[in-house]
Amino acid sequence: MPRARGRRPEVAQANSRPPTNSQSARGIAPSYMTLIMRLTLLAPDIVEAILDGKQVPEVTLARVLEPFPAGWEAQKFDLS
């Protein structure tokens with residue numbers, strides 16, 4: 001998650017250069033970057049619980065890499 005948050009500003013500036021160019025220069029596969037960037041869409045309280053190691057047992061890496069709702073309230077219901 002920290003890695004995904006660290007890349008967010010870089011991707012947000014995509015109008016200056018395509019993200020795939022900067023990813024390729026760093027040896028990052030676009031498919032990996034897509035998975036990591038999705039994690040930045042998780043609700044802040046879910047992220048905080050994961051980083052603190054206090055997430056519910058159902059919230060695993062495999063689970064958060066599966067499709068999840070965009071809305072934060074729906075995520076709380078879906079990921080708990």
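How much accessible surface does the chain have, and what share of it belongs to carbon and sulfur atoms? The total comes to about 5,300 Å², and 60% of that belongs to carbon and sulfur atoms. Accessible areas here come from the Shrake-Rupley method with a 1.4 Å probe, and for residues only the protein chains shown count as cover.

Before we walk further, a word on the ground rules. This is a predicted model, in which local features need pLDDT of at least 70 and side-chain atom pairs count only at pLDDT 80 or more, while totals for chains, interfaces and linings use all residues. Residues are numbered from 1 along each chain as its sequence is written, and side-chain values use heavy atoms, with hydrogens and water left out.

Let's start with the overall layout. The chain has six helices and zero strands, giving the pattern α-α-α-α-α-α along the sequence. Helices (H or I, at least four residues) and strands (E, at least two) are DSSP runs, numbered from the N terminus. Of the 80 residues, 28% count as buried; buried means under 20% relative accessible area, exposed over 50%, and partly exposed in between, with a 1.4 Å probe and protein chains only. Among contacts with a separation of 6 or more, 65% are between residues 24 or more positions apart, where contact means heavy atoms within 4.5 Å.

Now step into helix α6, which covers residues 72–78. Q75 belongs to this helix and is buried, with a relative accessible area of 0%. Setting aside residues up to four places away in sequence, Q75 touches L41, L42, A43, I46, F68, P69 and A70. The side chain of Q75 also reaches the backbone nitrogen of A43 at 2.7 Å. That is a polar contact: a pair of N or O atoms within 3.5 Å, where within protein one must be able to donate a hydrogen and the other to accept it, and residues adjacent in sequence count only if both atoms are side-chain atoms.

E73 itself is exposed, because its relative accessible area is 59%.

Our last stop is R63, in helix α5 (residues 61–64). R63 counts as buried because its relative accessible area is 18%. Its side chain makes a polar contact with the side chain of D78 at 2.3 Å. Beyond its neighbours within four places in sequence, R63 is in contact with E58, D78 and L79.
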